[in-house]
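User: I'm new to reading protein models. Could you walk me through one, a feature at a time?

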Amino acid sequence: MDISGIISISGRPGLYKVVAQGKNSIIVESLTDKKRFPAYSTDRISALEDISIYTLEEDKPLKDIYTDILAKIGNTNAPSHKEDITTLQEFLVDILPNYDDERVYPSDIKKLFQWYNLLFKVGIIKVEKEAPKKADETTKVKEKVETKKTPAKKATPAKKGATKKTTKAKPTASAKKPVAKKVQAK
């Protein structure tokens, strides 16, 4: 899950992806309808990778919370942000039992679930299959080792054959002298 470049703009619904940077603004694209527009420095912009939730010990980044939610519910949507706040709080306690309920407001919890469902809908949050990747990595390592061994064996005889062909042709005496001078110079 990569939430870098995903932002929230205060006063505008939804999430946006940073596409480019203009002279006095940044160009953003809505994740839902793909419309682009400039966001200026006067807008209150928050990057999702910088957002964290208050806990009783230390703050927990939003990405880690989303990873925990994904591990708990799998490849499905989280509870809707429109559900009762007590249901959302109970779900959050299962994921993050030590969150600070005095500093995390109900509106923050609703936003957390709304953003999760939006990111899940557009495919940024998804279950990744790790077992095939590990198998692919081991086969890639084996292939790299085999390819490193094979060209080395084939390259050596080819070079010998090439040098034999060049040695059959008799070089002139003037061609040998500059080579000897280059070797001595080094």
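User: Let's start with Thr55. Where is Thr55 placed in the chain?

Analyst: Thr55 sits in the loop that links strand 6 to strand 7 (60-61). Keep in mind throughout that this is a predicted model.

User: Is Thr55 buried or exposed?

Analyst: The general idea is a cut-off: a residue counts as buried when its relative accessible area is under 20%. Thr55 has a relative accessible area of 4%, so Thr55 is buried.

User: What is Thr55 in contact with, beyond its neighbours within four places in sequence?

Analyst: Thr55 is in contact with Lys60, Leu96, Asn98, Tyr99, Asp100 and Arg103.

User: How far apart are Tyr16 and Gly5, in sequence and in space?

Analyst: They are 11 residues apart in sequence, and their C-alpha atoms are 8.3 Å apart.

User: Now a loop. What can I read from Lys34?

Analyst: Lys34 is in the loop between strand 3 (25-30) and strand 4 (36-40). Look at its backbone angle: phi is near 60°, a positive value in a residue other than glycine. Lys34 also has 49% relative accessibility, so it counts as partly exposed. The cut-off for exposed is over 50%.

User: Let's move to helices. How do I judge the length of helix 3?

Analyst: Compare the reach with what you'd expect at 1.5 Å a residue. Helix 3 (106-122) has 17 residues and spans 25 Å from first C-alpha to last, close to the expected 24 Å. Just past the end of helix 3, Gly123 has a positive phi of about 95°.

User: Which residues of helix 3 are buried, and what do they pack against?

Analyst: The buried ones are Ile109, Leu112, Phe113, Trp115, Tyr116, Asn117, Leu118, Leu119 and Phe120. They pack against strand 1, strand 6, helix 1 (62-73) and helix 2 (85-95).

User: And Gln114, is it buried or partly exposed?

Analyst: Gln114 lies in helix 3 and has 33% relative accessibility, so Gln114 counts as partly exposed. Gln114 and Gly14 are 100 residues apart along the chain, with 8.5 Å between their C-alpha atoms.

User: How do I read a pocket? What lines the largest pocket here?

Analyst: The largest pocket holds about 570 Å³ of space. Its lining has 22 residues, and Ser8, Ile51, Asp108, Lys111 and Trp115 lie nearest the centre. Strand 1 (6-9), strand 6 (52-53) and helix 3 each supply at least two lining residues, with helix 3 giving the largest share at 5 residues.

User: What about Ser8 itself? Which residues does Ser8 touch?

Analyst: Ser8 is in strand 1, and at 12% relative accessibility Ser8 counts as buried. Not counting residues up to four places away in sequence, Ser8 touches Leu15, Arg44, Ile45, Ser46, Leu48 and Trp115.

User: Now zoom out. How many helices and strands are in the chain?

Analyst: There are 5 helices and 7 strands. Read from the N terminus, the order is β-β-β-β-β-β-β-α-α-α-α-α. Of the 186 residues, 24% are buried. Taking contacts between residues at least 6 apart in sequence, 54% join residues at least 24 apart.

Technical notes. Residues are numbered from 1 along each chain as its sequence is written. This is a predicted model: local features need pLDDT of at least 70, side-chain atom pairs count only at pLDDT 80 or more; totals for chains, interfaces and linings use all residues. Side-chain values use heavy atoms; hydrogens and water are left out. On a 1 Å grid over the protein atoms alone, a cavity is a set of points where a 1.4 Å probe fits but cannot get out, and a pocket is an open set with protein on both sides within 12 Å along at least five of seven lines; lining residues have an atom within 4 Å of a point. Grid points are joined across faces, edges and corners, and a volume is the space filled by probe spheres set on the points. Helices (H or I, at least four residues) and strands (E, at least two) are DSSP runs, numbered from the N terminus. The expected span of a helix is 1.5 Å times one less than its number of residues. Buried means under 20% relative accessible area, exposed over 50%, partly exposed in between (1.4 Å probe, protein chains only). Contact means heavy atoms within 4.5 Å.
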